[in-house]
Amino acid sequence: MSAIKKLLGIVWILLAPTAVVLMFIQAFEKTSAAAEGIARTNTALQWGIILFIFIPISIGFTIFGFYSLKGEYDQEGMER
Amino acid sequence: MDTVEKKNSIIKVIGASSLGTLIEWYDFYIFGSLAGVIGKHLFPSDSGASALINTLAIFAAGFIVRPFGALVFGRLGDLIGRKYTFLLTLVLMGGSTFLIGLIPSYESIGYLAPILVLILRLVQGLALGGEYGGAATYVAEHAPIGRRGYFTSWIQTTATLGLFLSLGVIVLTQNLIGSEAFGAWGWRIPFLISILLVVVSIYIRMKMHESPQFTKLKTEGKVSKNPLKESFRNKTNFKMVLLALFGATMGQGVIWYTGQFYAQSFLENTCKLGFNDSRYILLWAIAMATPFFVIFGSWSDKVGRKWIMMTGMALGIIFYRPIYQHFLDSTDYKTLQKTELVSTGKSETKMELVKDSKDSLMTVKTPMVLKNGAKFIELQKTVISADGKKSKTEITQVDKELSSGNFWMFVALVFFQILLVTMVYGPIAAFLVELFPTKIRYTSMSLPYHIGNGVFGGLVPFIATLVASFPGSTPLSGLWYPIGVASLCLIIGTVYLSNKRHTKED
């Protein structure tokens, strides 16, 4: 189980920045596609809020992957 | 204290905590349920700056402010105690809800109306962020060892019952005073009623004592001096915060919001069910499923929390698509009317000018009935130009009513989804409480809960609708968001979480 946790740690480290890049691409595409004026500002605002929320979460996910890779979650019984 | 006294004491603790939390959820949901009506009165009819403020009010309070509330009030709860902190959150929530009901319309005070709504909505989000962790911690710290799942599961019923109460009060008020009066002024009643509920709850909570574990810490001088630093800068605790978020609460959040919000949104907006059918389905399903919060919470004391929560997520991943496919197929009246149509009512025709144009819009409404008793309105819309040329007629089916058999089938399918909610949500308060030490518990458990539930879960309707609007997508494509997040959480929870049961005090 310890090896699986470490291996998954690498997956989580790679997954987090990939998700952020995909979100930026979506944000750019959707904002550009919105009609000019208030609709575009509104779409940009919504995506801005989403990025503002998910970027710190992605950083947290990378740290989770890092801890996992370092074996921080290895001991049996991860609850205190 | 003898056994009977102890039992009475814990019942009072659960009652007082749950009532307050239920009211907070009620307050939070009525805004969402009445957002459309509020928009008409407190926002100008053009979609200029008001649309931005509206977006901020709904988005910001729901998704940004709740985790901040968890940090602010969690810190306070670990510093000064659980009792006074969640009294404060109750006052803030109840006060801001009551004030939303009193805000003059946009016509009276202009842009001050939407700005005040935004401020009060932010206060609501902050208060909710602080409330839940306090109530769950408070009850868990009163519960006997080995019964935390059972006792905290009563707190877990409050979010669903808050939604039930908000839907019930809205439907009842609207039926009592009529749709027109409700749209004009009656929508304020559910907001104003909140103050009565809050006053009763404050009175009850004032009589409560501080949690025994926090009192012990205080007496021994072991209260945390800086809960935020100890929660998030101490690696041992921080890695648990991350594990709680990615291994449990984010999956719980998407299962919760898919079963109770996306289901209703899908039935109303994608399947085009009428107002009453979509709400009554949810009300019945909630009423039947709510006892299972306590059943699964109690069961988790015996078999551990992990596998009950993971099973709930796994069943959601497997069954969401077949369930929603059934919703779509059963309400595809366009196809069914080709073979199943039995009667057509009298058509009504309406002509109106298209805004900023010389064209006219002709709308023909025809009530129809299918063989199985299902009803719907067929809408035919045709644009007629100034020179008399007609555009292609657009035909849609709206205000659909289900046949009796299908209605109960839909209730059963939504009930099943809420049953999954009870599996992931019933044991989670006890799980989170047991993950962190008493002195930083309020702060540490509140943040992953509100990111998981508020952010990952709260975004289900928005992201699912967005995904369903992508080119080449189907109405079911939106389900990939909750399925994806729940799958990720299931893998992490299965691999990293322990199912160890807590049999001694921390």
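## Overall make-up

Chain B contains 21 helices and five strands, counted as DSSP runs numbered from the N terminus (helices H or I with at least four residues, strands E with at least two). This is a predicted model, in which local features need pLDDT of at least 70, side-chain atom pairs count only at pLDDT 80 or more, and totals for chains, interfaces and linings use all residues. Residues are numbered from 1 along each chain as its sequence is written, and chains are lettered from A and ligands numbered from 1 in the order in which they are written.

The C-alpha atoms fill a box of roughly 85 × 50 × 45 Å along the principal axes.

## Sheet pairing

Strand β3(B) (residues 360-370) runs antiparallel to β1(B) (residues 341-344), with three bridges between them; strands pair if DSSP finds at least two bridges. One facing pair is S343(B) and V369(B).

Six bridges link β3(B) to β2(B) (residues 348-353), again antiparallel, and E348(B) has K365(B) as its partner. The hairpin of β2(B) and β3(B) has six residues between the strands, with D356(B) in the turn at a positive phi of about 55 degrees.

With β4(B) (residues 375-384), β3(B) forms ten antiparallel bridges. Four residues separate these two strands in a hairpin, and G373(B) in the turn has a positive phi of about 100 degrees.
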